[in-house]
Amino acid sequence: METYIDKVTNKVTEYQAKLTKALTDIGLDSEAAMEEENSSTDGAESTNSSSTNREEKQLEDNSHAPDNQKLVDQLDQSDDFFTLMLYNETISNENTIFDSTTETGTAEVISNPIPQSTQNSADILGAFSSFSDSSIREIIKLLSYSLLSGEFLSIKFLSIKAVDEKLSTLIKQIQELVTIVQLSPELSKEWLSFSDAIVYCLEEYQKFVNYLVANFTKNRSDDYFIIEDESIDAIPHLSDDLQNVIRIFTLTLKVSRKDLLINSDRSELQSLTLLKKQVDKLSSIQKTVAHALDIKLKFLIHKWGQRYKCENQNSSVRYRIDNTEESLDHFNIKIPTLKDWNDKIHHHYDFCKDKKQYTHYIHDILDEKRKGYDKINLSLLKLHGLIKYYKDFSKSEPELKKIVDYLLQKDYSEEHDYDQYCIEIFRNYAINNYFSLVSENKTLELDEYQKIYQDCKSKLNHLSENYFLEKKYLDYVLEKIDAEFAQSSKEDKISLHEKYVNKVDQECSQILKEYYEKKEWAKTHDNYIVILPYEESLVDISSEKYPDLPKILFFTSFVLPYYKDSIDYHYSETRQRFREVKSLTSVVGSLKSDLQKLENLNKDFDRKDLKSIETITLFTAVITFILSSIPAFKFVETVQQAALFMLSMSASLGIFILLIFSFTRGLSKFLTKPRSWLGALIIILIFTVIFFVLKVTSGSLIDFEKTTKKDTINSSIQNQNELDSIKRNSEIPPSKNHKNLTPERNKTQLK
């Protein structure tokens with residue numbers, strides 16, 4: 001199927017042919033004028049010669065009749081009725097001249113005061129001027145159709161660069177005509193108007209295409225900037241009618257750029273409404289183009305209003321253009337695709353929060369999806385609905401993971417450059433939603449969550465510097481660390497600091513830096529989270545009043561402009577939380593040494609208490625040893641017995657001290673110290689010495705024991721006798737007059 005740019009190429013080629021023919025015709029008339037001047041002395045010969053020349057000229061002009069008819073047919077399709085009438089009048093006058101010349105012969109020529117050759121040149125120039133004017137209108141209209149339909153993104157062209165090359169070829173073809181028109185100053189003027197107007201429009205078209213290549217293909221460049229010339233009157237020497245034709249083409253470019261770069265600022269509403277006002281003023285110039293622009297602007301204004309309502313739920317936006325007041329509360333467009341997109345906006349942008357209502361909305365898509373992603377070819381628009389469903393209404397990580405895997409595994413390499421870019425952006429959107437749902441699971445350990453984050457980040461393409469993953473990751477990690485510090489005891493805070501200090505100071509700091517860079521990028525670039533491919537972004541308007549432009553392209557389809565004020569707000573929230581957590585870890589880190597000193601002091605106090613207890617215990621043991629040893633020495637008769645006795649008491653004392661140390665310092669710590677083992681060896685040595693001493697002096701000990709027992713028995717017998725004697729004396733009966741005895745007497749008797 002022939003494209004609009006192909007039709008432009010044909011019109012330029014036709015213009016070149018007409019220009020060449022006009023130059024030829026003017027050249028022939030000049031030669032005829034010279035012959036007429038040279039043959040003025042010979043009337044009859046001149047008359048016959050002139051008649052012959054006129055007949056040849058008439059035959060030649062008649063041979064071009066099909067070309068004239070073709071031109072009439074082309075003019076009949078143009079929007080300028082005045083140009084058509086002017087051209088018909090010119091052709092009619094031209095034919096009248098030839099017809100009258102043919103019928104009346106030389107008499108008509110002689111009676112005409114203007115030379116025949118001069119009048120022919122004027123007619124040729126008039127006809128070509130009308131043709132040039134209509135060609136400018138037709139070519140600019142076709143270029144507008146091409147922009148509005150977005151055919152430069154279709155599969156009719158292998159890539160956007162192919163369109164750029166074709167436009168460059170057209171510009172070169174027009175500019176090369178300068179070598180032809182130099183022979184005729186009159187035609188040079190007409191060509192200059194044509195060249196300036198068409199080349200200007202082609203170059204502006206080319207700039208727009210280059211902008212698309214730099215921003216909406218896999219070869220995008222972040223360093224490409226567009227500086228738009230706000231002046232519409234770029235060609236001052238054109239007529240007012242042609243200036244208006246160029247104005248409406250310039251408006252087409254502006255609306256197309258606005259569709260790509262629409263944002264949520266309040267100034268955007270003013271910009272859109274002013275564009276609509278300008279289109280309304282020029283609606284009579286090219287009605288089809290003006291009608292398509294009106295549809296686009298109405299829907300863009302509606303989308304801006306819907307974004308505004310997302311942030312201001314109870315608002316009712318009204319605005320005034322001159323004396324006309326408008327409202328954004330109602331959507332009056334009846335085009336089916338735009339109505340479907342309006343429903344999509346309602347269900348996607350949190351206007352609908354009811355699960356049953358949303359499930360009913362995508363019921364057909366769910367039925368289609370049950371066949372399996374690999375068995376059906378779901379459009380990105382349908383996949384978008386499923387992602388919303390499994391992310392917000394019927395939360396399912398496995399289902400979102402299936403959609404991500406399906407998008408990553410499907411081969412889109414044969415698609416158009418622009419479509420490949422749209423698919424890559426949509427892949428990022430699916431990955432972001434999957435990670436967002438994972439982030440809602442607060443039971444994940446940070447190490448496990450970090451692995452999921454790294455996996456999702458590795459799957460992202462970097463055609464769009466989206467900061468979503470960084471924001472979600474930081475919010476999750478910082479919230480979890482903050483909660484652990486809040487729930488921990490004083491003793492655990494130091495261990496938590498050692499666990500998370502590197503994660504906060506190094507990892508989170510680096511990710512926050514990436515977050516800042518990406519959010520700054522998003523503020524100055526077309527950071528769309530979703531953008532549909534070419535075929536899914538077309539809107540059929542063939543049922544409208546102007547069927548010669550059946551479809552127009554909406555670059556951003558149903559997607560609302562991002563609310564840029566929230567970019568900095570969300571970043572400031574995350575940064576503030578990061579600062580709080582980092583301050584917490586820094587405070588604990590700075591107090592770590594102080595807390596360590598305090599802990600050491602407590603340990604020192606505990607040691608001193610233990611030493612005090614040990615000192616008292618040792619002192620008590622020594623006193624006990626001394627007190628118990630002194631009475632026993634009276635049974636010791638030899639030096640050997642004394643040494644044996646001392647060793648026995650020392651061993652007992654050592655065992656007692658070891659038991660005290662094991663209880664006060666802990667058995668495990670006590671056994672690990674060398675001096676404890678040394679004390680135990682000394683005790684063992686003492687027992688060994690006692691054993692050998694007992695073995696050597698066993699006879700002496702027996703004698704000592706016998707002697708001791710004998711002395712003890714004798715002492716016991718003596719004591720018993722004394723007690724018996726005292727008892728007998730106490731049992732003597734008293735005399736009758738014992739009561740008269742004085743106490744002194746009683747004592748004497750007792751004695």
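I began at arginine 320, which stands opposite glutamate 325 in S2. The model is a predicted one, in which local features need pLDDT of at least 70 and side-chain atom pairs count only at pLDDT 80 or more, while totals for chains, interfaces and linings use all residues. Residues are numbered from 1 along each chain as its sequence is written, and side-chain values use heavy atoms, with hydrogens and water left out.

**Hairpin**

I looked up the pairing of strand S1 (residues 318-321) with strand S2 (residues 324-327): the two run antiparallel and are joined by four bridges. Strands pair if DSSP finds at least two bridges between them; helices (H or I, at least four residues) and strands (E, at least two) are DSSP runs, numbered from the N terminus. Two residues lie between the strands of this hairpin, and aspartate 322 takes a positive phi near 55°.

**Aromatic pairs**

I searched the whole structure and found 28 aromatic pairs. Rings of Phe, Tyr and Trp (its six-membered ring) pair if their centres lie within 6.5 Å; planes under 30 degrees apart count as stacked, over 60 as edge-to-face and the rest as tilted. Tyrosine 373 and tyrosine 406 form a tilted pair, because their ring centres are 5.7 Å apart and their planes are at 35°. This pair links distant parts of the chain, 33 residues apart: tyrosine 373 lies in the loop between helix H15 (363-369) and helix H16 (380-393), and tyrosine 406 in helix H17 (residues 397-409). Tyrosine 373 is buried at 9% relative accessible area (buried means under 20%, exposed over 50%, partly exposed in between; 1.4 Å probe, protein chains only). Tyrosine 406 is likewise buried, at 8%.

I then took tyrosine 449 and tyrosine 473, a stacked pair with 5.5 Å centre to centre and 0° between the planes. Tyrosine 449 belongs to helix H19 (residues 446-459) and tyrosine 473 to helix H20 (residues 468-487), 24 residues apart. Relative accessibility is 0% for tyrosine 449, and tyrosine 473 is buried with 0% as well.

I also noted one aromatic cluster, formed by Tyr358, Tyr361, Tyr389, Tyr390 and Phe393.

**Helix H16**

Eleven of the 14 residues are buried, so H16 is largely enclosed by the rest of the structure. Among the buried residues are His384, Lys388, Tyr389, Tyr390, Lys391 and Phe393.
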